[in-house]
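Subject: Handover of a structure, with findings

Dear colleague,

Please find below the structure that I am passing on to you.

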Amino acid sequence: MGEGEFPSRLLLALKALSLSRGRLAAELAVDKSVVSRWLSGRQAPSGENLANLTNLVAQRRPGFTLLDWEADLDTLSARLGVASEPAPGAFGPLAGWLPEAVLQEAQALTALRGADYEGFWRTTRPAIGMPGRFMHDQVLIRRADNGFLAFRLRVEDMLFEGWTFPTQTQLFSLAADARSGIFIFSIYNAVLRNKAEVLDGISMTIQRVGGGSPVAGANILERTGDLTGDAQADDARFEELALANPLAPEDSVPPEVRDHVFRDFGPSVLASGGSALLTMPFAGSWSRGRRFEP
């Protein structure tokens, strides 16, 4: 087994045994973050942990041994009784949608850093159509079986579902609400080398009234919780969070947050040394590993 090949084999075993990351961690008496590091390739299991993992698989697939981890994916999948994971370059429904080189880079970066962005998030953004007010939308980000970050956003009665693609310094998210056909496109500043707690960026969509005019605005994402590893429980938690009134109470958003997401720009601002365009400069980004506390 070459360097970097273990994560795909472990993912295959989890699929075969119908085990979540959280359940595997509990079975092996290790922290969930350890399993996440194994799956991302950032850390290989110790000899003891690999032996314990092999015994766990053998309890459900009699005869499984340490040598089976060395088999190629097709042989391992047959040994475990499941179909193998997509080979590198096979991107499922995303194939052909973006250039393969872009998908390869996003998939590699997701394997490396995806765990740092998985979780429950809450937006703070100016309310469209309600000048001076702010909204808190609920967001769920987690890795899908195809190796990319799935993105889910609840905006009032709309559910946007799509993907988030990390680059070295940004996260690009594209999602759509199936019922209305409305798209939303966001670019957030990334967090370097740490688990993300706050992200800031710009989103673009359309107004639901007035002919569906294009509209863009700055916003921040704040982490509100971590995933449990149980997909059904996490889905239920997301829907529970989405039941809250998304309209922020008046004067509940701190002045510094208001100033950060309610940005002034245009000709008059440009004349006084400001920006002619709505921007969220990486150099002044709030994206960081430590939770923002006003």
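The model is predicted, so local features are reported only at pLDDT of at least 70 and side-chain atom pairs only at pLDDT 80 or more, whereas totals for chains, interfaces and linings use all residues. Residues are numbered from 1 along each chain as its sequence is written, and side-chain values use heavy atoms, with hydrogens and water left out.

**The chain as a whole**

Along the principal axes, the C-alpha atoms fill a box of roughly 70 × 35 × 35 Å. Of the 294 residues, 42% count as buried. Buried means under 20% relative accessible area, exposed means over 50%, and partly exposed lies in between, with a 1.4 Å probe and protein chains only. A contact is defined as heavy atoms within 4.5 Å. Among contacts between residues at least 6 apart in sequence, 54% join residues at least 24 apart.

Strands count as paired if DSSP finds at least two bridges between them. β5 and β6 pair in the antiparallel sense over seven bridges, and a hairpin of three residues joins β5 to β6. Within this pairing, Trp-163 has Leu-174 of β6 as its bridge partner. β6 and β7 are also antiparallel, over seven bridges, and Ala-175 has Ile-184 of β7 as its bridge partner. The hairpin of β6 and β7 has five residues between the strands, and Gly-181 there takes a positive phi near 80°.

In a regular strand the side chains alternate between the two faces of the sheet. The covered face of β6 carries Leu-171, Ser-173, Ala-175 and Asp-177, while Gln-170, Phe-172, Leu-174 and Ala-176 make up the uncovered face.

**Helix α7**

Helix α7 (residues 231-242) has 12 residues and should span 16 Å at 1.5 Å a residue; its end C-alpha atoms are 17 Å apart, which agrees. The expected span is 1.5 Å times one less than the number of residues. The buried residues of α7 are Asp-234, Phe-238 and Leu-241. They cover an arc of only 65° around the axis, which puts them on the same side of α7; the arc is that of the directions from the helix axis to the C-beta atoms. An α-helix has 3.6 residues a turn, so residues three or four places apart point the same way. What covers the buried residues of α7 includes β1 (119-126), β3 (138-143), β4, β5 and β9. At the N-terminal end, Asp-230 caps α7, with a side-chain oxygen 3.1 Å from the backbone nitrogen of Gln-232.

**Tyr-188**

Tyr-188 is in strand β7 and is buried, with a relative accessible area of 4%. Leaving out residues up to four places away in sequence, Tyr-188 touches several residues, among them Leu-171, Leu-199, Asn-219 and Leu-221. The side chains of Tyr-188 and Asn-219 are joined by a polar contact of 2.7 Å. A polar contact is a pair of N or O atoms within 3.5 Å; within protein, one must be able to donate a hydrogen and the other to accept it, and residues adjacent in sequence count only if both atoms are side-chain atoms.

**Salt bridges**

The structure holds 19 salt bridges, each being a side-chain nitrogen of Lys or Arg within 4 Å of a carboxyl oxygen of Asp or Glu. One of them joins the side chains of Arg-113 and Asp-116 at 2.6 Å, N to O. Arg-113 is buried at 17% relative accessible area, and Asp-116 is buried at 9%.

Arg-179 forms a salt bridge with Asp-157, with the closest N and O atoms 3.1 Å apart. This pair links distant parts of the chain, 22 residues apart: Arg-179 is in the loop between β6 (170-177) and β7 (183-189), and Asp-157 in the loop between β4 (149-155) and β5 (158-166). Arg-179 is exposed at 57%, whereas Asp-157 is partly exposed at 44%.

Glu-197 and Arg-223 form a further salt bridge, with the closest N and O atoms 3.8 Å apart. Glu-197 lies in the loop between β7 and β8 (198-206) and Arg-223 in strand β9 (residues 214-225), so the pair ties together parts 26 residues apart in sequence. Both Glu-197 and Arg-223 are buried. Finally, a network of salt bridges links Arg-142, Arg-152, Glu-161 and Asp-235.

With kind regards

How values were computed. Helices (H or I, at least four residues) and strands (E, at least two) are DSSP runs, numbered from the N terminus.
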